[in-house]
Structures are given as structure tokens and as C-alpha cells.
Amino acid sequence: MIDYLTSIAAQVFETTALGGISVGNVIMIVIAMVFVYLAVAKHYEPLLLVPIGFGIFVGNIPAVAGMTSGIYDEAGNLMPFSQFEQWGVLRYLYIGVEKGIFPPLIFLGIGAMTDFSTMLSNPKLVLLGAAAQLGVFLTFLGALGLGFTQQESAAIGIIGGADGPTAIFLSSKLAPALLGAIAIAAYSYMALVPVIQPPIMRLLTTRHERRIRMKPSRQVSRLERILFPIAAFLICALLAPGAVALIGLLFFGNLMKECLVTERLAQTARTALIDIVTMLLGFCVGVSTSAHSFLRPDSIKIFILGALSFAVATAGGVLFAKFMNLFLREKINPLLGAAGVSAVPDSARVVQMVGQEEDPNNFLLMHAMAPNVAGVIGSAVAAGVLLSQLSN
Amino acid sequence: MPDETMLLLAQQTSSESFRFNPEALFEGVPLALLGISVVFAALILVSTFIAVLPRAIAVLPRAKEFFARLWPQRQARPATVAPPPEQSAEVPEEILVVIAAAAAEALGAPHRIVHARELTPEDIAWSLEGRMQLHTSHRVRRKS
């Protein structure tokens, strides 16, 4: 009788995932708990960290023979298209990440909710969005030096663009094996923008510079708002055709918002659509971070390089603003350069916060939104250049 | 992946993985320079377009006037009032003229007023009813 019960218990145990759980899985589950804690208790990027955190829980349940419900097979490889009959629902959903479908859809929603009028009222500030992309290319070089391939280095470098969807888009195309680590690093550092940026901003500016006040923005006409997405798309797409999917949907969303005759579509894009895609994207990225694919030396290097890229991007923006001031009669507050890091609107909020520490009556938030949204365009163009040069 | 392999990987992390190779770095310099140049070129062009756009828009009406003077037959036609439909017969002619003048002043561009009629008590019945309900929904208290 005891033998029978033991054999039954062994059979039951074999059908559970408990037998296959490793120390790595346990570490990942703890990391997932930290993510959910940060989102729920500390309100750090909850819309991203909750789906990613829960996805990590799901992705770290080991596969059991005959019951492969995740995206990896029992050997730990991504289930190939040739075996689609064995795919579970998660593997089907993961196609949106693997083939870079979700990030452009998120850009559609971002376009439909972004107001470019502050940028249109002060075109000089657009250049700060370009300067902050120095972080992308210097990190690209750093990653090459650390032994990554050019494709992997490009995907790691784009973390400095501080744009989660762009980072996922590029890594899905150039370095799918590193996608989980890159996405987690990008979103983690985006959540840490209020911690990473202020010391660099204070270090590189004087008290006098931080107190510079900006002129109020001018009123932007409707015609300007309608013409801008069309012209900006044509300029960026012709120069960096690799970014057509990202930039195209970004400006399509913005045109829907600004032309006022497609309000229903714009409303859907900036609410229901972006919410659905954010949920699926975050969850699928979390699912892809199973212990064997995430707990690798490369991931540690990616996290170090990610922090470096955010720091360089911030410094690049601030120093370029100071450089511009050498030629400008009307000086710009160099803190605005830090908002070129396109973590919208977090880095703009940080600029406002640091500016108000010196002068509580100095309101930089709306001015900071200009380099902030220019940074979104800049990072998409940077991704387009890297993709077109390295995709073959 | 077995845990022993993870330990092995952890040991490798400390030594070999973080070795820096400057030669590999220099191989990427041309692409990095190309990339940052394209980003700057794109955003300089966008910035220039944004700077020029309001001036171009400001010039448009003057250009319109200029072409209108060159070809007088293409001048903006004065506002015309369509023959009023039957139900608007009660609008006096002088009121129609005032409406046409106001529309011409507000819109500027050539336009046609298709329909004008006075509102009847039936037209405003719904809003009147709503307003009455709103006003009667409060119980007014007498101040002691």
C-alpha cells in the first residue's frame, strides 16, 4: 500500500513544475516580487512594472514534458515557427514582441497623446533631443569594447534613448537573445530617471545657469500642428528609412489628434489601444526572462552599460545646451538638455524639480517637454540608422 | 539550465567577461559617427522646418492677395445668400443681410449661407424643460 501511494505521489510530482525549478527560477521570482513591490508600493512606472513583474512569474515556471505552455521548449530554446502546432497561447502572443509588432503600435498611441506645440514654439530646443542621443552611440562603442557583436551593441546602446518600445523594437530585430535583459534594463532605468539624472545635472551646471528663466512659449496655430507631423515624418523617414514603422505610426497618431476630424480614432489610439498593447508587451517581455535566458554574465554587462548610457545621454544634453549658449543671445537653461533623454515625461519633470530647487518661481516643465518629445523622434531615428546599417 | 552551469557562468563573469577590447571599439567608430550625424541632420531639418513654418503661413494671405490682383476674375466672390427655404420665410430681409455680413466678416473665404430661420418655442422646448427641471431641483431653505 505504501509503495503504491509512493509511486502515485512520484507520478503526481513528475507532472508538476516543482521538480524542474532551479535556483535561477527562484532568483527571478524574487526579482519579479521586487518589481511588483516597486510598482505597487513606490509607484515606480506601475503600468510597466506590474505586467513585466507578473510576466517574470509566469516565465519562470519550468516547462514540463508534453505541457510546454511558455515560449521556450524543454531545452530552453525559443519554440521555432516550424513547431507552431505545439505552441501555447503565450508563444502566439510573443510574436508581437519577436516580430516588432507591439512597439510601433505603442508609438501610434504615444503620437495620439503627444502635444508637440511646445517644441513647435521653440525650434532651438529640438537640437537638445539630438544631443542626448550621444548616449546611444557612446554606449554602442562601449558594448563593442566589452565583446558584444555590432548588432548586440546597437541593441544595448539604444537603452540610452530611454525609450522602452524603441529598445524592444531594435533588440527584437538585431539581438533577440538579449531582448529580455535589454527591455528590463531600459524600463528599470526609465523608472530610475529621478535618481540617475539630478546629480549629473547639478555637477555640470552652475547655480547661475540653473536659475536661467525661459521666455513664455508662443501660441501655435492649428495649421502648424497639422503640417508638422507630415513634414517631420517625410524628413525623418527619408533620412532613416529603418525607422519608418516607428516614426510613421508616431506621426500618424499625432496627425489623427491634431486634424480634429478623426477624434474617435485618436481617442482609441491613446486609450484602449495603447493600454492593450502595453499590457501584452510588458507581460510578454516578462515571460521571456526565464532564468536560463536572463541570469547570464551578459545581463550584468547590459545593466552596467544601460546605466552608463543614461548618464552619458543626460550629460550630452546638458553640455550641448551649454555649448548652444555660447552662440545664443537669449540663453537657454542648460537643465533642459537633460530632458533630451526621451523618458516622457519623467525627465521633463526632473528638469522642473531641479530648476525649482534653485528658484521656486522658475517653471521649466513645459519648456522641457520640447527636448523631451524631440528625444522620442531622435531615438527612433537613431534606431532606424542602426537597423538599416546592421540588419543584413 | 542546471545550477552548476550558472555557478560556472558566475565565475566567468568576474574575470573574462569584463575584459575591455579597444580595437573592437574603434571598429564601431564610423557607424557611431554616421548615426549621430544622421540624428543631428534629421533634427536640424525638423527644427529649420518648424522655424520657417510660421513665416510661410504668415506670407500665405499676402500671396493670395497678390494673385488676386494679378487675376481679378479669381477674386473672392462676395458672400451670397441662397434663396431662403419655405420655413425661413419669417426671417426679415434686413436680418438676413446682417447675418450674411457677420458670416463674411468671420469666415473671410468665399461661402454660401444655405439656411437661416428663427427658432420657434418648439425648438427651445427641450432646453427650456431641462433648465426648468434644474432650477426646480433645489429645495430653497429659508434662512433662520
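What follows is a friendly chat about a predicted model and some of its helices, loops and residues.

Q: Before we start, how are the residues and chains labelled, and what kind of model is this?
A: Residues are numbered from 1 along each chain as its sequence is written, chains are lettered from A and ligands numbered from 1 in the order in which they are written, and side-chain values use heavy atoms, with hydrogens and water left out. This is a predicted model, where local features need pLDDT of at least 70 and side-chain atom pairs count only at pLDDT 80 or more, while totals for chains, interfaces and linings use all residues.

Q: Thanks! What is the secondary structure of chain B?
A: Chain B has 5 helices and 2 strands. Helices (H or I, at least four residues) and strands (E, at least two) are DSSP runs, numbered from the N terminus. Along the sequence the pattern is α-α-α-β-α-β-α.

Q: And how much of chain B is buried?
A: 20% of its 144 residues count as buried. Buried means under 20% relative accessible area, exposed over 50%, and partly exposed in between (1.4 Å probe, protein chains only).

Q: What share of chain B's contacts is between residues 24 or more positions apart?
A: Among contacts with a separation of 6 or more, such pairs account for 64%. Contact here means heavy atoms within 4.5 Å.

Q: Switching to chain A: at what angle do H19 and H20 pack?
A: Helix H19 (residues 346-358) and helix H20 (residues 365-390) of chain A pack at about 140 degrees, and their axes are 8 Å apart. The axes are lines fitted to C-alpha atoms, for helices over the stretch in contact, and angles run from 0 to 180 degrees between N-to-C directions.

Q: Which residues make that contact?
A: From H19(A) come A:Ser347, A:Ala348, A:Arg349, A:Val351 and A:Gln352, and from H20(A) come A:Leu365, A:Ala368, A:Met369 and A:Asn372.

Q: Where is A:Leu127, and is it buried or exposed?
A: A:Leu127 sits in helix H7 (residues 126-131) of chain A. It counts as buried because its relative accessibility is 18%.

Q: What does A:Leu127 touch?
A: Leaving aside neighbours within four places in sequence, A:Leu127 is in contact with A:Phe320 and A:Met324, and also with B:Phe40, B:Leu43 and B:Ile44 from chain B.

Q: Which chain A residues does B:Pro54 touch?
A: B:Pro54 touches A:Arg218 and A:Glu224, not counting residues up to four places away in sequence. B:Pro54 is found in helix H3 (residues 29-70) of chain B, and is partly exposed at a relative accessible area of 24%. B:Leu60 also has its place in helix H3 of chain B, and counts as partly exposed at 48%.

Q: What is the phi of A:Glu45?
A: Near 40 degrees, a positive value in a residue other than glycine. A:Glu45 is in the loop between helix H2 (23-41) and helix H3 (46-59) of chain A. A:Leu260 has a positive phi too, about 70 degrees, although it is not a glycine.

Q: Last one: how many disulfides are there?
A: The structure holds 0 disulfides over all chains, a disulfide being a pair of cysteine sulfur atoms within 2.5 Å. For A:Cys259, the nearest cysteine sulfur is that of A:Cys236, 20 Å away.
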